[in-house]
Structures are given as structure tokens and as C-alpha cells.
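Please keep the sequence and the coordinates at hand while reading.

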Amino acid sequence: MILSVSNIHKSFNEVPVLQKVSFHIEDYDKAAIVGINGAGKTTLLRIIMGEMSADEGIVTLSKDKTVGYLSQHEAVSGENTIYQELLLVKQDILDMERQMHTMELQMKTATGDSLARLMENYAALTHAYETANGYAYKSELVGVLKGLGFSEEEFDKSIATLSGGQKTRIALGKLLLLKPNLIILDEPTNHLDLQSIAWLETYLLNYKGAVLIVSHDRYFLDKVATKVIELDNTLATVFTGNYSDYAAGKEMLRAAAYNAYMKQQQEIRHQEAVIEKLRSFNREKSIKRAESREKMLQKIDVLEKPVEVRADMHLKLEPKFPSGNDVLAVEGLSKSFGSLSLFEDLSFDLKKGEHVAVIGDNGTGKTTILKIINELLPPDHGTIRLGANVAIGYYDQEHHVLHPEKTLFQEISDDYPNLNNTEIRNTLAAFLFTGEEVFKTISTLSGGERGRLSLAKLMLSEANFLILDEPTNHLDIMSKEILEDALNAYTGTVLYVSHDRYFINRTADRILDLNRRMLISYLGNYDYYLEKKEEQLARIDAVFATATKTFTNSSADGSSVKQDWKAKKEQQAARRKRENDLKKCEEKIETLETRRAKADALMSSPEICTDVARLQELNREKEEIEAKLSELYEKWEELSTEEIE
């Protein structure tokens, strides 16, 4: 065992935050602490690290064990370059290198016993150097920097010129290179892109020590965690397994607790009815028996009704009116900022009811695309067309749609003047703003509170096309699940940017990957994207290689202008054919999906569900439809991908 947390109690202003919290971390555990915002997760980490004292309880770290801690907002500072800053972690190896070099110079002139002693000490030092991974520390350092999203061109950048997120990534890199026996991380994925998060997952999975993580990233926890410690209503419960195992176990415990509560309530009502009946007999013997039962009833340890946290927040998204089938068409979109070109000639469209996620590395222009569509930024080139009856609802990760100087009440009442006071208060209460909280100034709200208020405005908008920029940022896991359920029930169209892979998996039916300054379409969720990504990129590389070869050959024969004109005509003809094929494919898919839905409805109807022969016939028909749909989905994806060619 590397860490023991025993019976920790902590209160603020006499309000308990942690009570009787106990758990332990073994040498190779990968443990996660989860809970809603305000459950005490960061407080517990600070108590473990000795930055805050507990009111009661003991934290014990095994002797000769080291701990590394990265807080949620920790960052590096100073004038070092990125590479120099990480090199500080390897100071012991650098000292050994200098000492070895000094010995090598001394051995050139030493003789006799002096040379023998030098050689003996040199052998011991080189062994220690090798044990400390001295011969590979540079490649290790470069690997960590690249894994965390820094290119070699950035290694010489001064830390003073970096963003807060980049400084936090460097602090994380230094901690990983220190290799303590126990790594404690508070929200480590907040400033990482998808590629860096995937790298960190692999790093932590292969880490030889123990790891304790606070995170709202459920996909990350599914990959890394082997133990989950839940903080709920001041108490801690330990679950074995990853996040999905915890979620299933939590639901089983909740169901068992609710059943026990209902069973006890039923028994209490039964006893009360018997007591009332016995008293109604108005006989001495019956009254004594009633009193005896009353005493027994008073001794019962009455169970509290289990509270479902998610029931406190209510989010229902529903369009006021439906849009047309064509919701959005983007053609030839390009955007640059100075000499930095984010993307060129992007084209895509959205149909009614689609839920599409835009993903990609940090800085590729995902948020810029959303801002251009929402007319917050002008494009350099390209056109954007909204379909008939399209009404946009916009969720901005920086919450620019909110007015910092207003109160929560004013924010809602000014934008929706038709709502009365009771309706405004009810709306805010649905997002956990009650009592005097509705008169708080927005500038004083936390990131999570601003997110909830933005969601409230989104719900009231009754839009049929939602554009969401990082909608899960600052939301705890419970709030994310509420948003996921609301989006899955939403009948309108959704386009969003997110780094939350679990969220994407649950809510997206198509993914647009902004990669190599182009959009690559995947007809499926995040897991499907991972499965097909390498195949798609290889296909794109092959297309580019062929195009480059064709261009080189055509230039060599002196007829490049003619060839370019011919190629352009062929490209235009191919694009028209692709668009026509794509439209036909979509129509076939829609027809088959309608037939499948009708077959499902028939199979579940009372008059047919008992007709075995008819059921078999419908089942065969449905299997044929599924097979055809599978082929059409593949064909649709191929045609969509051809757009980049």
C-alpha cells in the first residue's frame, strides 16, 4: 500500500464537505475520484498533499515513497525555453554527465593507484548514470513534449510567451518526467487536445507507479482507471473497475437502496394500519398490543429516501417549429489570420435531424468555423446558406452570449420579455439557481454556473438548429449526462465542437475531422472514427500522391496549362456526378430506413406479435433491409470522402 486515507472529516463554516472518507491506494493502482462540482474532490487532494488540514482523520504515505501533484491551475513561469524547463527535471543526470566528463579528463593524466581509483569511481558512476536512464533521457524528454502537443519547432520558445494552457502542459510534462511513486492529477485533460489525451492515457496505463486522478473526462477514466472513489453527499464509496463499471455499480446500489426504502415504507404503513385497527377495537388487550407495536415502530431506523442528483436539473430541448430538410450548406470556406492559414476550400452540408461533431487538434480552426456560420466572424472566401425555416441557437464556450453586468434574472427577462416572474424563476430553478441566487451578477459566476445559465437560454430559444462550442466544458459528469439525454431526445439539427470523447460517442451520428486543413467525414460516433481514421488518412495520402505525380508529369511535357484546364473540367464533372450519386444514395437510405421503421412497428403490434409466420417474414425483410443499409452507409461515406479529392 502506498497511500492510506482514514476517516477524513472537513467542514467549511460548519457545513460538512467530507465525512468519514476512507480509502487506500496500492502500489500500481490507477484510481479516479469522481463527484459533482462542489463534492469536495479538490479539497480532498489538498488534504492528501498537506496543503489543507482535515478536521479529523489521518493521511498516511508509505515510507520512502514519493508523490507528485499537479493542481488544476498549476503552471510554470520564468524565462527558460520549453526544453530548458523540462531539462531541470534531469538535473541529477546532467550533474553526473559533468562529473563523468571531468573524470575522463583526469584519467588522461592519472597513473597508478590514482588511475585505478578513478576508473573504479568512473565505473560506479556510469552504472548509476545508466540506471537513471542517462543514455536515453533526451529522447524521453522529447517524447513527453511531443506527446503533450509541442512540436520540435516550439522547443526553443520562451515560457514567458506561452498561453496558460501551454504552461500547464509543461508543468504536467515535468511531473511525468519526475516519475514519483504516486502521481496525483487534478483535471489533467483540460488543456490537452484529443491526440495528447490519447498519448497521456497510454503513458499512465504503462506507468510503473500509482496514479490518483480527479477528472470529468469519462472516456479518459474508462481507459485509465482501475478503481473509482465516488464522493457523494460528503461520503466516499469505492468501486472496482473503470468509469463504466462504476456507473453500472452505482445504479445497482441506487436501485437496491430505493427498493430497501420502498420495502421499509410499505412495512411502516402496514404496521400503522394494524395499530389503527387495533385501537379501533377499543379493548384493553387490543390497545396494549397497539402500544407495543408503536414502541417497535419507534425503534425502527428509518431509511432516508435515495436522492437522484440528476433529478434536480431539468433540460428539455424542443424546436418551436421544424426546419426544412436542407439545414446548412457550406461551400469553399477559407479563413486565415495574417500569415496563418487555418483551412481552405471547406465544403459540407447538414440535413435535418443530424447530430454532427467537429473534432481536430487545438488551433486548427474548429471554433472559427462555428463563429463564421453564426456570423460572428467573416470568411475570407466561401458561401454559407441556411435552409428554409432554420432558427439557430448558439452556445459559446466563452459565454459571450451572456452579459457580465446583468443579474441572472435580468439575463433571462431581457431576452425573453414574454416570460413572467414565476416562469423566469422556474426556468432558473431547473438549472439549480434558486432563491436570492437569481439576483447574482453574471460576472461573479463560476465557469460551471455560466455554462448552466447558457444552457437555460438555449432551452428557451426553441431553436431547430443548435450550434454548440465545447458545451461540456466546466460541467460535472451528472450535468453532462443530462445534456446528453436532452440532445439525444432533440428532434432538431446539432453541430458542435467538443474534445469530450464520451460525449461525442453518445450524441454524434457523424463526425467531421478538421485534419490537414480539410474536413474528413465519418458516418458514425467517436469509436467508429477511431476505427476508420488510419484507413481514411491513408486513402487521402494516396490521392495526394497521385495528384502530385500527375501534376509533375503534365508540367514536364510542356502542356501544363492545357492539362490544368482539362483536369479542372474533369474535376467539375466528377463533382457533379458525386453530388448526384450522393443525393440518390441519401434518398435510398431514407426509403429503407422508413421501411425498417414500419417493419419494427408491425412486429410490435398486438395483432402480428402472435403470428409466427408473419413475424418470420417481417424479420427476413428487416434483415435484407439492414444488409442493404449497411452497403449504402459505406457507399455514402466513400462518396462523402471523395469530396476532398
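Axes are lines fitted to C-alpha atoms, for helices over the stretch in contact, and angles between N-to-C directions run from 0 to 180 degrees. Helices (H or I, at least four residues) and strands (E, at least two) are DSSP runs, numbered from the N terminus. The model is a predicted one, in which local features need pLDDT of at least 70 and side-chain atom pairs count only at pLDDT 80 or more, whereas totals for chains, interfaces and linings use all residues. Residues are numbered from 1 along each chain as its sequence is written, and side-chain values use heavy atoms, with hydrogens and water left out.

The overall picture comes first. The protein has 19 helices and 18 strands, and its C-alpha trace spans about 115 × 85 × 60 Å along the principal axes. Of its 645 residues, 43% count as buried; buried means under 20% relative accessible area, exposed over 50%, and partly exposed in between (1.4 Å probe, protein chains only). Contact means heavy atoms within 4.5 Å. Among contacts between residues at least 6 apart in sequence, 69% join residues at least 24 apart.

Two packed helices are described by the angle between their axes and the distance between the axes. The axes of helix 9 (residues 243-280) and helix 10 (residues 284-298) come within 8 Å and cross at roughly 160°. Angles under 35 degrees count as roughly parallel, over 145 as roughly antiparallel, 65 to 115 as roughly perpendicular and the rest as oblique. Helix 9 and helix 10 are therefore roughly antiparallel to each other. Helix 9 passes helix 10 in a left-handed crossing; a crossing is left-handed if the near helix is turned anticlockwise from the far one by less than a right angle, and right-handed if clockwise. On the side of helix 9 the contact is made by Ile268, Gln271, Glu272, Val274, Ile275, Leu278 and Arg279, and on the side of helix 10 by Ser286, Ile287, Arg289, Ala290, Glu291, Arg293, Glu294 and Leu297. By class, this contact of helix 9 with helix 10 has 7 nonpolar, 2 polar and 6 charged residues. Here Ala, Val, Leu, Ile, Met, Phe, Trp, Tyr, Cys and Pro count as nonpolar, Asp, Glu, Lys and Arg as charged, and the others, Gly among them, as polar.

Helix 12 (residues 408-415) and helix 14 pack at an angle of about 20°, with their axes 11 Å apart. That angle makes helix 12 roughly parallel to helix 14, and helix 12 passes helix 14 in a right-handed crossing. The contact is made by Leu408, Glu411, Ile412 and Asp415 of helix 12 and by Leu453, Lys457 and Leu460 of helix 14. Its composition by class is 4 nonpolar, no polar and 3 charged residues.

Leu460 belongs to helix 14 (residues 447-461) and counts as buried at 16% relative accessibility. Leaving aside neighbours within four places in sequence, Leu460 is in contact with Ile412, Tyr416, Leu419 and Thr427. Leu460 and Leu495 are 35 residues apart along the chain, and their C-alpha atoms are separated by 18 Å.

Two further helices supply examples of burial. Thr168 lies in helix 6 (residues 164-178) and, at 10% relative accessibility, counts as buried. Not counting residues up to four places away in sequence, Thr168 touches Glu74, Ala75 and His191. Helix 11 (residues 366-373) is mostly covered, with 6 of its 8 residues buried, namely Lys366, Thr368, Ile369, Leu370, Ile372 and Ile373. Glu375, which follows helix 11, has a positive phi near 65°.

Positive phi values are also found in strands. Asn7, a residue other than glycine, has a phi near 55°; Asn7 is in strand 1 (residues 3-12) and is partly exposed, with a relative accessible area of 33%. Lys20 has a positive phi of about 50° although it is not a glycine. Lys20 is placed in strand 2 (residues 15-25) and is exposed, with a relative accessible area of 56%.

Aromatic rings complete the account. Rings of Phe, Tyr and Trp (its six-membered ring) pair if their centres lie within 6.5 Å; planes under 30 degrees apart count as stacked, over 60 as edge-to-face and the rest as tilted. A search of the whole structure finds 12 aromatic pairs. The rings of Tyr129 and Tyr135 have centres 4.9 Å apart and planes at 85°, so this pair is edge-to-face. Tyr129 counts as buried at 5% relative accessibility, whereas Tyr135 is exposed, with a relative accessible area of 58%. Ring pairs also link Tyr219, Tyr522, Tyr526 and Tyr529 into a cluster.
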